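Hello,

Here is the structure I promised to pass on to you. Please open it alongside this email, and then read on for what turned up in it.

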Amino acid sequence: MEAVAYDDQTTRFDSLLVQGQEYEFFGVGFLPTWIDDMSFMFHLHSDFYVYLSTHSTVNAQTGIFGFPQIPRTFMAFQAVYNLDEFIFADIIGIVVYVSNIQGRDDPRSIYRHVVVMDERNNFIIINVMKPHVLRHTIGEWRRAASELYILAALHLYTNTRRGGVTTGDFSEIAFSPICAQADAFQASNDFFVVQPIASWGHAVETQIDGKCHKVTTSNTNK
């Protein structure tokens with residue numbers, strides 16, 4: 001659920017909150033997004049949002065909540081494409097293409113493209129940035145693509161300039177995650193036939209160069 005602080009509360013909470021830190025909130029409100037056009041003003045995507053007011057207080061916590069690594073639900077790829085810029089999303093799918101490392105001229109900004117497919121043959125590009133790009137070897141990534149590994153990518157943010165979603169400092173990438181949706185993918189894995197890896201390279205680079213929002217390369221079932 002999204003939380004909103006505005007007017008004077010923007011400055012107050014901006015000085016209190018740090019991305020990646022866990023907090024316990026008190027005295028918050030729960031309001032529908034359709035009142036006063038809040039969904040349009042703040043680009044909210046849920047039916048309700050958390051309102052941080054002058055009565056709201058916050059305490060920093062240290063790992064007491066025990067959040068699960070893998071969420072119960074993931075966002076559909078089409079829904080991700082409809083998000084506004086820099087909105088977070090969790091996705092899951094089958095790895096079908098992995099590029100070489102890009103941006104070697106500047107070691108601080110190296111990255112690689114990873115194409116993931118869902119059960120409806122929709123595709124999305126993950127721009128894997130540092131530090132995540134170095135946490136798995138190219139051999140691991142290539143094996144993930146050739147053997148159709150299931151990948152869960154959490155806390156990504158939408159980035160239309162790069163043509164998909166992008167990892168951030170607090171993103172997580174998990175191969176073969178343990179969850180219900182991964183089990184469903186595994187059960188249907190044998191029914192997928194994907195195009196050769198070389199053809200995906202052309203599709204990905206075409207999308208990035210054209211700043212498109214979707215991979216259009218076709219895929220067939222057995």
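Below is a short tour, from the whole chain down to a few ring pairs.

Please keep in mind that this is a predicted model. The chain averages a pLDDT of 79, and 79% of the residues score at least 70. Among the elements, strand β8 (residues 123-129) has the highest mean pLDDT, 92, while strand β13 (residues 220-221) has the lowest, 34. Over residues 209-222 the pLDDT is below 50, although this stretch has 33 contacts in the model beyond near neighbours in sequence. Where pLDDT is low, the predicted coordinates should not be read in detail.

Now the chain as a whole. You will find 6 helices and 13 strands in the chain. Of its 222 residues, 42% count as buried. The accessible surface comes to about 12,700 Å², and carbon and sulfur atoms account for 54% of that. Taking the contacts between residues at least 6 apart in sequence, 66% join residues at least 24 apart.

Next, a sheet to look at. Three strands form an open sheet in the order β1-β4-β3, with mixed pairing. Strands β1 (3-4) and β3 (29-32) stand at the edges; each has a single partner strand, so one side of each is left without a neighbour in the sheet. Strand β1 runs parallel to β4 (residues 48-51), and 2 bridges join them. If you want a place to start, look at Val4, whose bridge partner in β4 is Tyr51.

Finally, the aromatic rings. A search of the whole structure finds 5 aromatic pairs. One of them is Tyr23 with Phe25, a tilted pair with 6.3 Å centre to centre and 55 degrees between the planes. Tyr23 counts as buried, at 16% relative accessibility, whereas Phe25 is partly exposed, with a relative accessible area of 34%.

Phe86 and Tyr157 form a pair too: their ring centres are 5.6 Å apart and their planes are at 40 degrees, so this pair is tilted. What does the pair tie together? Phe86 lies in the loop between α3 (77-81) and β6 (88-98), and Tyr157 lies in strand β9 (residues 150-159), so the pair ties together parts that are 71 residues apart in sequence. Phe86 is exposed, with a relative accessible area of 52%. Ring pairs also link Trp141, Tyr149 and Phe175 into a cluster.

Enjoy exploring it!

Best wishes

Conventions
Residues numbered from 1 in each chain as written. Predicted model: local features only at pLDDT ≥ 70, side-chain atom pairs only at ≥ 80, totals over all residues. Heavy atoms only, no water. Phe/Tyr/Trp six-rings, centres within 6.5 Å; stacked < 30°, edge-to-face > 60°. Buried < 20%, exposed > 50% of the residue type's maximum accessible area, 1.4 Å probe, protein only. Helix = DSSP H or I, 4+ residues; strand = E, 2+ residues; numbered from the N terminus. pLDDT = per-residue confidence, 0-100. Contact = heavy atoms within 4.5 Å. Pairing = 2+ DSSP bridges. Areas by Shrake-Rupley, 256 points an atom, 1.4 Å probe, with all protein chains shown as cover.
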